[in-house]
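The following note sets out several points on the model under review. Please read each point alongside the sequence and the structure.

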Amino acid sequence: MKRILLATLLLIGISTTYADSGQQPWYYGHGYVEGQIGMGQIQTPTSGFSNYSVGGFAWRVAGGYLLGQGHFNYGLELGYTGLPTNSYGAGGIEDTFNAGDIDLLFVGRYNFTDHWNIYGKFGPDFSMQKFAEPGGVHNYSKTFVLPKIGGGVGYQINQTVGLNLEADYAFGKSPSNVADLTQAVLNQDGISTLSVLFGVNISF
């Protein structure tokens, strides 16, 4: 009980000190939500195929909380990225790859000025991947935990609204030809994913 009381008094003391100085305590921060659109793909190959569709429109929604004052902020972000379907074949006879990524990322951001910043992200990516082929012999639907990194540049219009441009990559298998892709399907490997996105974030 005494320890709890002492900790409470210490926290109050720190808060009072910062209040007197006109600054906020280090543990103060802000939440944010963001939406992004751009290009992305599951990293399957095109070499050796005559009919294919790889990559295309991608989107992402996320929310997080940043701590820290001044030039450097840090925190956590939870997001979901929707990726386009990759297909191989024609005339309705196609092999397809689908993926959607849920990630929990540590975020570090450096503010050059009141408007410009750069940031980096890393953490686990829960990539929900599905492969389907005519006849369904090797079909699978699995969730893979892949390491993910990302980074970008941001422009803060005002205290509430900002813009950003970023690239994200989840590290899995990256088959480069028909044989590699066939082996990845047989092994039911998790495939790398990539996205380059532009978006808007709202702070609160």
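1. Helices (H or I, at least four residues) and strands (E, at least two) are DSSP runs, numbered from the N terminus. This is a predicted model, in which local features need pLDDT of at least 70 and side-chain atom pairs count only at pLDDT 80 or more, while totals for chains, interfaces and linings use all residues. Residues are numbered from 1 along each chain as its sequence is written, and side-chain values use heavy atoms, with hydrogens and water left out.

2. The protein chain contains two helices and 10 strands, arranged along the sequence as α-β-β-β-β-β-β-β-β-β-α-β. Of its 204 residues, 37% are buried (under 20% relative accessible area; exposed is over 50% and partly exposed in between, with a 1.4 Å probe and protein chains only). Where contacts (heavy atoms within 4.5 Å) link residues at least 6 apart in sequence, 63% of them join residues at least 24 apart.

3. Strand β6 includes Asp-103. Asp-103 counts as buried because its relative accessibility is 0%. Its side chain makes a polar contact of 2.8 Å with that of Arg-60; such a contact is a pair of N or O atoms within 3.5 Å, where, within protein, one must be able to donate a hydrogen and the other to accept it, and residues adjacent in sequence count only if both atoms are side-chain atoms. Beyond neighbours within four places in sequence, the residues in contact with Asp-103 include Glu-77, Thr-81, Asp-125 and Lys-148.

4. Helix α2 spans residues 178-187, and its buried residues are Leu-181, Ala-184 and Val-185. Seen down the axis of α2, these buried residues fall within an arc of 100°, so they line one face of the helix; the arc is that of the directions from the helix axis to the C-beta atoms. They pack against β5 (86-90), β6 (93-111), β7 (116-132) and β8 (140-156).

5. What caps the N-terminal end of α2? Asn-177 does, with a side-chain oxygen 3.2 Å from the backbone nitrogen of Ala-179. After α2 comes Gln-188, which has a positive phi, near 55°.

6. Strand β10 includes Leu-194. Leu-194 counts as partly exposed because its relative accessibility is 31%.
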